[in-house]
Amino acid sequence: MQTIHRKTIRESLTLKGIGLHSGKTVTLRMHPAEAGTGLVFFLYRNGSKVRIPISLDHVVDTSNATTLGDGGSNRVQTIEHMLAALYTQGITDCILEIDAVEVPIMDGSSRPFWEGIQGTGIQTLSETVEPIRISHPMWVVDGDKYLVILPSDELKVTYHIDFNHPLLKGQSYTTVLDDSILATDILPARTFGFLKDVEALQARGLALGGSLDNAVVLTEDGYLNESLRYENECVRHKILDLIGDLAVMGRPFYGHLIASKAGHALDISLAKCIMSKVTGDELTSFKSKRIPLFAKKEASQ
Ligand SMILES: [Zn+2]
């Protein structure tokens, strides 16, 4: 089986921006870490330092973004764009210091995170990580929304969105997702929102930092931005979110993802489904390797 080396960043780097929902300035400092550290946030707030590992067990909300919590009142939200950039570059171990409850939105895509990591360089570690391989189809469904993963030797995706908007009706995209395709075709796709929803979100204290600098904003029949990065930028961004959300599993993964109108909640549900099955399979294969040894030992007694 192919093994993959764990990786960290070569040197520390700092990204400053605003939080999409809070509208407040955020500083994110990324530091190299030893193999096995995983991806871990340290949240600095009100004179305290709180550790929040990036793991499925720590996902506490998926309603507007993917949010991690420490089990108490400490949270870090909108982790998915940064995570998609880390995943694409194979970063398994990194310390993420942050001074607000939201990862900076930057330009609304994963590109600034990807460029920051490229700028500082990647350190390959001697330890390895075993990729997740899907042995049979798995799926999660919520009404007319669904997300499926099928066995495949490579990572690929077929994504379908269908919003009540002339530009986003029945938009589909299928692609293989290797590192270079992710970097050029997916990570630069910006988040998007509907102008009519902005007021409602802002009344709830959300999207306060949203602007044409960090989102594609859709009007009744078009968009406010001068131009799009891709003609189908919105479906590409949904793929970016999906990869960022599944990266919470903490291991590389292969499979053919098929999504229709999915989002953070289904993404995280599928990740939980995959991990429960994969962990079970790995335990079973571990035990099945062990049983003959025990049997032999007992027979010789
Ligand atoms: Zn997003």
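In which sense do strand S7 and S8 pair, and over how many bridges?

1. Strand S7 (residues 67-69) pairs with S8 in the antiparallel sense, over 3 bridges; strands are DSSP runs of E of at least two residues, numbered from the N terminus, and two strands pair if DSSP finds at least two bridges between them. Within this pairing, Arg-75 of S8 is the bridge partner of Gly-69.

2. This is a predicted model, in which local features need pLDDT of at least 70 and side-chain atom pairs count only at pLDDT 80 or more, while totals for chains, interfaces and linings use all residues. Residues are numbered from 1 along each chain as its sequence is written, and side-chain values use heavy atoms, with hydrogens and water left out.

3. The open sheet consists of 3 strands in the order S6-S7-S8, with antiparallel pairing. Strand S6 (59-61) and strand S8 (75-77) are its edge strands, each pairing on one side only.

4. The zinc ion is coordinated by His-81 (NE2), His-237 (NE2) and two OD atoms of Asp-241, at 2.1 to 2.7 Å; donors are N, O and S atoms within 2.8 Å of the metal (3.2 Å for Na, K and Ca), and water is not among the atoms, so sites may look incomplete.

5. His-237 and Asp-241 both belong to helix H5 (residues 233-246), where they lie 4 residues apart, about one turn of the helix; helices are DSSP runs of H or I of at least four residues. Both His-237 and Asp-241 are buried, that is, under 20% relative accessible area with a 1.4 Å probe, protein chains only.

6. Helix H1 (residues 80-88) is mostly covered, with 9 of its 9 residues buried, including His-81.

Terms used: Buried means under 20% relative accessible area, exposed over 50%, partly exposed in between (1.4 Å probe, protein chains only).
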